[in-house]
Amino acid sequence: MDKGFIPEATCETEWGRRMELQMKWAMINHEQIGDDRVVTAEFLCPWQYEMTAFGLPVVATGSSVGGVGFHIEEQIQDLAEDMEKLGPSTMTFDREGSLRYAEIAQDVLGDILEVRMSTLLVASMTQEVVKRMGMENMFVAMMETPDEFHTMMTMLTDGYLALFDELEKRRMLSLNHANDWVCQGSFGFTTQLQGDPENVRMSDLWGSADSQETVGISADMFGEFFFPYYRKAADRFGLLVYGCCEPVHPFWDEYISKLPHLRKVSISPWCDEAFMGERLRGAPVIYQRKPSPNFVGVGKTLDEDAFRQYIDKTLEYAKGCKLEISFRDVYNLEGEFNKPRRAVEIVREELEKHW
């Protein structure tokens, strides 16, 4: 994102800078974007934990031109030969540090904001695979070493399930059904999750999953090599938001629609909007539309007429659905900081006319 739009911290301590930036992002969203994101009198402190899939840290190099791209160093070339490199997933849990951050926030902000813990749960399985072996090697391995591939996916799934068990055991779960980020530019507001705040279980929470890296394979291959493992992980959540940038329509009927507890699905710029509108019309699953970031992120000016037509198509296809619109992946405004706000205004105008 452009310099000048991103907030800078001025506090001297690490804790102070962290709190300062968290509040400034909320202020920028309210003052410069003006969308429907709710700003509550709360300060959320996430539980800090990390899982290293297969116990194999990712090796990657970043963009040399200051961008967001990166290159994965492929540690698994031939799955049959390299299986020995894959071990049980390792985990770190910083319960003490998480509570310490909340304690400091309470001391600094507690007289004006409610400080509470929050939980973010993500199971992006294919991302973890590609980060170790690259996409081409993953595709080849499905064809040449299917047994080893299933063994790898079982190991990965077991890692996620062990992580979920440990989070419960260590009491590092907090309810996330209010103004809590649940991934994909979305928030957890719902009355359908009502757990005990003093004894939170995985089944009380939103979780997120996606599989961007399976774009280009057949539905049958997705069903054979990935769906059983995603289903097993998703079964632990109370509600599931699924998808990122991948088009979900090729796998929808046979697989994704059958994921347990599915309540929100990403309709990315590469998704067949009409198909998904037909499938979700009258259904409880939310049609989470992600407009193309090109309108806001490419060029000095926003093409308002083209953007209106684009949004109108979404409003037509999503009629009868539970619609949410989330702008994602806008990395450059070319110095024109008013473009996001104007895009939001246009969406509101078109909703008023057509919804």
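Is Asp-329 buried, partly exposed or exposed? Select Asp-329 to begin: at 31% relative accessibility, this residue counts as partly exposed (buried is under 20% relative accessible area, exposed over 50%, partly exposed in between, with a 1.4 Å probe and protein chains only). Asp-329 sits in the loop between E12 and H12 (helices, H or I, of at least four residues and strands, E, of at least two are DSSP runs, numbered from the N terminus). Its phi is positive, about 60°, although Asp-329 is not a glycine.

The model is predicted: local features need pLDDT of at least 70 and side-chain atom pairs count only at pLDDT 80 or more, while totals for chains, interfaces and linings use all residues. Residues are numbered from 1 along each chain as its sequence is written, and side-chain values use heavy atoms, with hydrogens and water left out.

**Helix H12**

Select residues 339-354. Helix H12 has 16 residues and reaches 22 Å from its first C-alpha to its last, close to the 22 Å expected at 1.5 Å a residue (the expected span is 1.5 Å times one less than the number of residues). Colour the buried positions of H12: Lys-339, Pro-340, Arg-342, Ala-343, Val-344, Ile-346, Val-347 and Glu-350. The elements that cover them include helix H1 (14-33), helix H10 (294-297), helix H11 (304-317) and strand E12 (322-325).

Now select strand E10 (residues 262-267) and strand E11 (residues 286-289), which pair in the parallel sense over 4 bridges. Val-265 has Tyr-287 in E11 as its bridge partner.

Is Lys-264 buried or exposed? Lys-264 is buried, with a relative accessible area of 3%. Its side chain and that of Ser-186 are joined by a polar contact of 2.4 Å (a pair of N or O atoms within 3.5 Å; within protein, one must be able to donate a hydrogen and the other to accept it, and residues adjacent in sequence count only if both atoms are side-chain atoms). Leaving out residues up to four places away in sequence, Lys-264 touches several others, among them Trp-206, Tyr-242, Gln-288 and Glu-324 (contact means heavy atoms within 4.5 Å).

Go to the loop between E7 and helix H4 (125-144), where Ser-124 is found. Ser-124 is buried, with a relative accessible area of 7%. Beyond its neighbours within four places in sequence, Ser-124 is in contact with Tyr-160, Asp-210 and Tyr-230. Ser-124 and Tyr-230 are 106 residues apart in sequence, yet 8.8 Å apart in space, C-alpha to C-alpha.

Select H5: its 24 residues should span 34 Å at 1.5 Å a residue, and its end C-alpha atoms are 34 Å apart, which agrees. The buried residues of H5 include Phe-149, Met-152, Leu-156, Gly-159 and Tyr-160.

On the H5 side, His-150, Met-153, Thr-154, Thr-157, Leu-161 and Phe-164 meet Tyr-229, Lys-232 and Ala-233 in H7.

Zoom in on Thr-157 in helix H5 (residues 146-169). At 2% relative accessibility, Thr-157 counts as buried. Its side chain reaches the backbone oxygen of Met-153 at 2.8 Å.

Just after H5, Arg-171 takes a positive phi of about 55°. Arg-171 lies in the loop between H5 and strand E8 (206-209), and at 46% relative accessibility it counts as partly exposed.

**Last stop: E1 and E6**

Select strand E1 (residues 42-46) and E6, which run parallel and are joined by 5 bridges. Phe-43 has Val-115 in E6 as its bridge partner. In strand E6 (residues 114-118), 4 of the 5 residues are buried, so E6 is largely enclosed by the rest of the structure.

Key
Pairing = 2+ DSSP bridges.
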